[in-house]
Amino acid sequence: MVRPKTEEEIGILRENAIIVSKTLAEVGRHIAPGVTTRELDVVAEDFIRSQGAVPGFLGYEGFPATLCTSVNDVVVHGFPSDYVLKDGDVVSIDCGTVYKGYYGDSAYTFPVGDVDAATRKLLDATKASLYKGIEAAVAGNRTGDIGYAVQSYVEAAGFSVVRELEGHGLGRDMHEQPGVPNYGRRGKGTHLVDGMVICIEPMINAGGKSVYLASNGWAVHTSDRRKSAHYELTVVVRKGKAEQLSTFDFIEKDPTINF
């Protein structure tokens, strides 16, 4: 059963969302060629704890880190490591928090140094598709309307949607119902009602939609080893227009961050 959140719960989720949003910006300030993804993980954990929250991913179902750091052909769930970021890479930073008993969750794909035009097009289209999905996250619609909005936009741009992964509800658990696929048919799926809190997170590949799971049981790679992008925001389903809880403003209004 999908339970809408009370306004009090939404207030706590909003606080979480701002902490996560600020964490992504703090990590973004450190992304550059020569930096390891493990260093970024330390930055994130320190910042989250400084805000009075705790990392939401660390230890979740055995996940060993604060961030998912997914580089180039890794779609999601990459482990922070001694990998040194290189000029032209992209790195998806997916971050979660726990604060006052509720979760926060958001993701952003950062270019590292200068990326080529094809990579920039992938990043721009993926982020734009997220906002298309948010436009469809209104009471009276269904999850299929969100998925259709994302899918139709990115496929028209020449990219493909990962089928095996999806967005989700958010609350006292990180992954609650409903699932929110990034593909689908209008008028199909779970009914959206006022007060539902969901994470919409397009995972879009430059090449084909096929993916595979790495031997560590976590990292998901594109089968053709081409790049992937991932953006995620938390929203409240409302009548007429969704309310956005997390934001990319802390990243995109900071002139020191390459986005």
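**Entry 1: Arginine 29 and its partners**

I looked up aspartate 254 and found a salt bridge with arginine 29, the closest N and O atoms being 2.7 Å apart. I count a salt bridge where a side-chain nitrogen of Lys or Arg lies within 4 Å of a carboxyl oxygen of Asp or Glu. Aspartate 254 lies in the segment after helix H5 (249-252) and arginine 29 in the loop between H1 and helix H2 (37-50), so the pair ties together parts that are 225 residues apart in sequence. I note that helices (H or I, at least four residues) and strands (E, at least two) are DSSP runs, numbered from the N terminus. The model is a predicted one, in which local features need pLDDT of at least 70 and side-chain atom pairs count only at pLDDT 80 or more, while totals for chains, interfaces and linings use all residues. Residues are numbered from 1 along each chain as its sequence is written, and side-chain values use heavy atoms, with hydrogens and water left out.

Is aspartate 254 buried or exposed? At 12% relative accessibility, I record aspartate 254 as buried; the classes are buried under 20% relative accessible area, exposed over 50% and partly exposed in between (1.4 Å probe, protein chains only). Arginine 29 is partly exposed, at 38%. Glutamate 26 also forms a salt bridge with arginine 29, with the closest N and O atoms 2.8 Å apart. Glutamate 26 is partly exposed, at 22%.

**Entry 2: Other salt bridges**

I noted 16 salt bridges in the structure. In one of them, glutamate 15 is joined to lysine 100, with 3.3 Å between the closest N and O atoms. Glutamate 15 belongs to helix H1 (residues 7-28) and lysine 100 to the loop between strand E4 (90-99) and E5, so this pair ties together parts 85 residues apart in sequence. Glutamate 15 counts as partly exposed, at 31% relative accessibility. I also traced a network of salt bridges that links Glu7, Arg14, Asp194, Arg238 and Glu243.

**Entry 3: Aromatic rings**

I recorded eight aromatic pairs. Rings of Phe, Tyr and Trp (its six-membered ring) pair if their centres lie within 6.5 Å; planes under 30 degrees apart count as stacked, over 60 as edge-to-face and the rest as tilted. Tyrosine 108 and phenylalanine 110 form a tilted pair, 4.8 Å centre to centre with 50 degrees between the planes. Tyrosine 108 is buried at 0% relative accessible area, and phenylalanine 110 is buried at 0%.

Tyrosine 108 also pairs edge-to-face with tyrosine 231, at 5.0 Å between centres and 80 degrees between planes. This pair links distant parts of the chain, 123 residues apart: tyrosine 108 is in strand E5 (residues 102-111) and tyrosine 231 in the loop between strand E13 (228-230) and strand E14 (233-236). Tyrosine 231 is buried, at 1%. I assign Tyr108, Phe110, Tyr131, Tyr231 and Phe248 to one aromatic cluster.

**Entry 4: A three-stranded sheet**

I found an open sheet of three strands in the order E3-E12-E11, with antiparallel pairing; two strands pair if DSSP finds at least two bridges between them. Strand E3 (74-76) and strand E11 (211-213) are the edge strands, each pairing on one side only. E11 and strand E12 (residues 220-222) pair in the antiparallel sense over three bridges. Which residue stands opposite histidine 221 in E12? I found tyrosine 212 in that position.
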